Amino acid sequence: MDIVDRKILAELQEDGRLSITELAHRVGLSVSPCHRRLRELERSGVISGYRALVDAEAVGLGFQALVFVTMLQEDRDTVIALEEAVAAIPQVVRAERLFGDPDYLLRVVSADLAAFRTLYDEALATLPGVQRLSSTLVMKHVVQDRPLPS
């Protein structure tokens, strides 16, 4: 990966809907070489996809919480079961396994506190292998969806 590839990535992280012509212009290439580089970045997995960034509040999911999960046991089968169960909950928009305590961090969205409480009681509290859940509410997003540094 060279400086031109990094420029392509920077431009696409800012605006993933750029036409190949506009992208080529911005990075100082003609269309064909820019297109070849873009396809190679996609083929190699550097670019893993394209998607719209949706404002959660605008679609009625303005309540967000971080849920910390501490496991009672962490054998292979329990970890797999927990991760599959978490992946099946649509309101969990991000889930990360951590080193240390807690074992997992989940970012959860819902319409309001009542919806979060229902989700917590009916889905999160029933996750396999969980010893303890603790939650904190998101007050404000300070940095969100920032492009990776080039």
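Leaving out neighbours within four places in sequence, Q64 is in contact with A56, R107, V108, V109, L137, V138 and H141. These contacts are drawn from a predicted model. Q64 belongs to strand β1, which covers residues 63-71. The relative accessible area of Q64 is 12%. Buried means under 20%, so Q64 counts as buried.

Two of the contact partners also meet Q64 through polar side-chain contacts. The side chains of Q64 and R107 are joined by a polar contact of 3.2 Å. A polar contact of 3.1 Å links the side chain of Q64 to that of H141.

D101 and P102 are joined by a cis peptide bond. The omega angle there is about 5°. P102 sits in a loop. That loop runs between β2 (92-97) and β3 (104-110).

The other feature concerns D145. Phi of this residue is near 55°. The value is positive, and D145 is a residue other than glycine. D145 is located in the segment after β4, the strand of residues 130-137. Its relative accessible area is 52%. Exposed means over 50%, so D145 counts as exposed.

In brief, Q64 in β1 is buried, and its side chain has polar contacts with R107 and H141. D145, after β4, is exposed.

How values were computed. Residues are numbered from 1 along each chain as its sequence is written. This is a predicted model: local features need pLDDT of at least 70, side-chain atom pairs count only at pLDDT 80 or more; totals for chains, interfaces and linings use all residues. Side-chain values use heavy atoms; hydrogens and water are left out. Helices (H or I, at least four residues) and strands (E, at least two) are DSSP runs, numbered from the N terminus. Buried means under 20% relative accessible area, exposed over 50%, partly exposed in between (1.4 Å probe, protein chains only). A polar contact is a pair of N or O atoms within 3.5 Å; within protein, one must be able to donate a hydrogen and the other to accept it, and residues adjacent in sequence count only if both atoms are side-chain atoms. Contact means heavy atoms within 4.5 Å.
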